[in-house]
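Please have the structure open while I talk.

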Amino acid sequence: MPTGYSKSPLELLNSSHQSKVLKAAIFSRFVLLILSILWRTLLAPYDTSAPLNPNCLGNPSPPLPPPLLPSLGSAIENGVVWDSVYFVRIAQCGYEYEQFYAFLPLLPACIFVFSQTVFAPLVPIIGYRAVLALSGYVVCNVAFIFTAIYLYRLSVIILKDPNAALQASVLFCFNPASIFYSSIYSESLYALFSVGGCYYLLSRANNIAVLWLALSGFARSNGVLNAGYFGFQAMHQAYDAFYLKKRAFLALWILISGALRCICIFVPFISFQAYGYYNMCLGRSSDEMRPWCKARIPLLYNYIQSHYWGVGFLRYFRFKQLPNFLLASPILSLAVCSIIYYVKSRPEIVRSLGFQASVEEKSSMAVIFSSQKPQRSNDTQFSEKYSSRKQENHNLKSRKKISQGEDLAEGRTVHGSLEKLGYTSAFVLPFILQVGFMAATAFFVMHVQVIDRWQHVSCQPVRLYIGLLC
């Protein structure tokens with residue numbers, strides 16, 4: 001890759017910073033574990049569903065002998081509350097009831113696999129349900145630690161500042177929603193595959209990025225939004241191929257490839273809806289069918305959210321929910337602040353969806369969003385030579401302007417290099433758009449307090465750093 005103002009991700013990564021992020025992530029998990037044990041010892045839990053464990057409806061397993069350490073098993077199971085009850089139950093008995101399909105299968109599948117393999121020898125000691133809970137805790141906490149590391153790497157690429165990336169990653173380790181990442185919730189796995197997928201996308205490992213972002217759609221329904229990153233990539237690559245390189249066939253191929261990648265990310269969620277339709281609707285008479293089975297587009301997930309949880313447009317706007325809106329106000333304010341800061345800093349980028357970026361930024365985006373590895377095939381040698389020459393010319397101009405202290409890109413002063421744009425650069429736009437969509441959805445449609453954990457699993461490098469600057 002040509003040298004110049006834009007360094008490669010490997011050049012910017014700092015091994016000592018990654019070590020600090022790893023230590024911060026592990027330390028934060030131990031702190032939360034101690035606090036959780038302390039509060040459960042001092043205070044009675046609000047949710048008392050932890051001890052409930054009826055027999056499975058489908059294939060009830062034969063009764064197991066009493067565990068050797070029942071008190072230890074009970075202590076582990078006491079943390080199985082709220083949504084954790086559903087995840088553990090699904091891992092134990094499968095999707096028994098209609099409302100269970102609101103919880104996607106990646107976390108229950110991981111819990112089941114670990115309980116049958118790594119932690120299977122502990123079943124006679126603490127009991128099977130405690131082993132399921134222990135498996136869930138391990139999966140979620142380990143996923144969180146890896147998420148923090150990938151978050152640092154992604155932040156380095158986006159912010160182009162290892163120190164700012166370190167700050168964002170440490171803030172992530174101690175964010176207000178951190179308890180959900182140590183509980184048996186799907187946030188940790190979703191965050192891992194979302195942040196990791198974005199990292200691989202910006203590292204030009206598109207096939208790995210597709211796999212990781214698709215897996216995020218198996219963890220949470222909003223994983224389908226991650227297809228937008230490939231849509232943004234394909235849009236800009238096709239524009240470059242058609243208008244700048246005058247290669248219509250290449251532009252068409254880029255659009256087709258981008259569409260296929262987006263479909264791959266949609267497949268997990270759609271296949272899970274089909275699985276629910278197969279179990280709940282097929283083979284039943286019209287009188288036995290649930291209302292959603294008869295819909296033109298039978299989306300089980302939407303029906304469950306509306307029917308069982310009261311999710312819908314403005315349905316949460318009730319006076320009694322005012323405390324929940326106040327609870328969500330800090331993270332909502334941070335999200336809105338991030339968006340306003342970016343829009344005010346780069347209004348032309350937002351209006352044009354990145355097509356009015358400066359020449360230097362377009363060159364950087366061509367490198368960041370390139371679908372090719374540094375090793376090039378014969379089919380792309382021409383475009384690589386073209387991009388290389390253009391990049392070298394722009395780098396030469398940038399170095400001249402930096403040395404002379406001139407303004408760059410419509411009056412912006414370059415402080416040392418274009419790396420200073422970092423958090424307001426054009427390729428941050430898809431992260432900002434996702435923040436806006438998620439914040440609006442949480443405020444107008446969902447239970448607004450969920451945003452405290454929902455917004456923390458996406459767009460961390462942009463939102464945390466820009467939020468601090470605000």
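Let me start with Glu-77, which forms a salt bridge with Arg-129, the closest N and O atoms lying 2.9 Å apart. Please keep in mind throughout that this is a predicted model. Glu-77 sits in helix 3, which covers residues 70-77, and Arg-129 in helix 7, which covers residues 128-159, so the pair ties together parts that are 52 residues apart in sequence. As for accessibility, Glu-77 has 18% relative accessibility and counts as buried, and Arg-129 is buried too, with a relative accessible area of 6%. Since buried means under 20% here, the 18% of Glu-77 falls under the cut-off.

That pair is one of six salt bridges that a search of the whole structure finds. Another of them joins Arg-89 to Glu-96, where the closest N and O atoms are 2.8 Å apart. Arg-89 is buried, with a relative accessible area of 10%, and Glu-96 is buried as well, at 16%.

Then there is the salt bridge in which the side chains of Arg-290 and Glu-98 meet, at 3.0 Å from N to O. Which parts does this pair tie together? Arg-290 lies in the loop between helix 13 (248-280) and helix 14 (300-309), whereas Glu-98 lies in the loop between helix 4 (83-93) and helix 5 (106-116), so the parts that are tied together are 192 residues apart in sequence. Here the two partners fall into separate accessibility classes, in that Arg-290, at 28% relative accessibility, counts as partly exposed, while Glu-98, at 5%, counts as buried.

Let me turn to the cysteines, where the count comes to two disulfides. One of them joins Cys-56 to Cys-93, with an S to S distance of 1.8 Å. Cys-56 lies in the loop between helix 2 (15-42) and helix 3, and Cys-93 lies in helix 4, so this pair ties together parts that are 37 residues apart in sequence. The torsion about the S-S bond of Cys-56 and Cys-93 is about -60 degrees, so the disulfide is left-handed. Cys-56 counts as buried at 15% relative accessibility, and Cys-93 counts as buried at 18%.

The other disulfide is formed by Cys-281 and Cys-293, whose sulfur atoms are 1.8 Å apart. Both cysteines lie in the loop between helix 13 and helix 14, so the pair ties together parts that are 12 residues apart in sequence. What is the handedness of this disulfide? The torsion about the S-S bond of Cys-281 and Cys-293 is about -75 degrees, so this disulfide is left-handed. Cys-281 is buried, with a relative accessible area of 0%, and Cys-293 is buried with 5%.

Cys-198, for its part, counts as buried at 4% relative accessibility.

I will finish with Leu-433, which lies in helix 19, residues 429-444. At 42% relative accessibility, Leu-433 counts as partly exposed. Leu-433 and Gly-228 are 205 residues apart in sequence, and their C-alpha atoms are 9.4 Å apart in space.

Note on methods: Residues are numbered from 1 along each chain as its sequence is written. This is a predicted model: local features need pLDDT of at least 70, side-chain atom pairs count only at pLDDT 80 or more; totals for chains, interfaces and linings use all residues. Side-chain values use heavy atoms; hydrogens and water are left out. A salt bridge is a side-chain nitrogen of Lys or Arg within 4 Å of a carboxyl oxygen of Asp or Glu. Helices (H or I, at least four residues) and strands (E, at least two) are DSSP runs, numbered from the N terminus. Buried means under 20% relative accessible area, exposed over 50%, partly exposed in between (1.4 Å probe, protein chains only). A disulfide is a pair of cysteine sulfur atoms within 2.5 Å.
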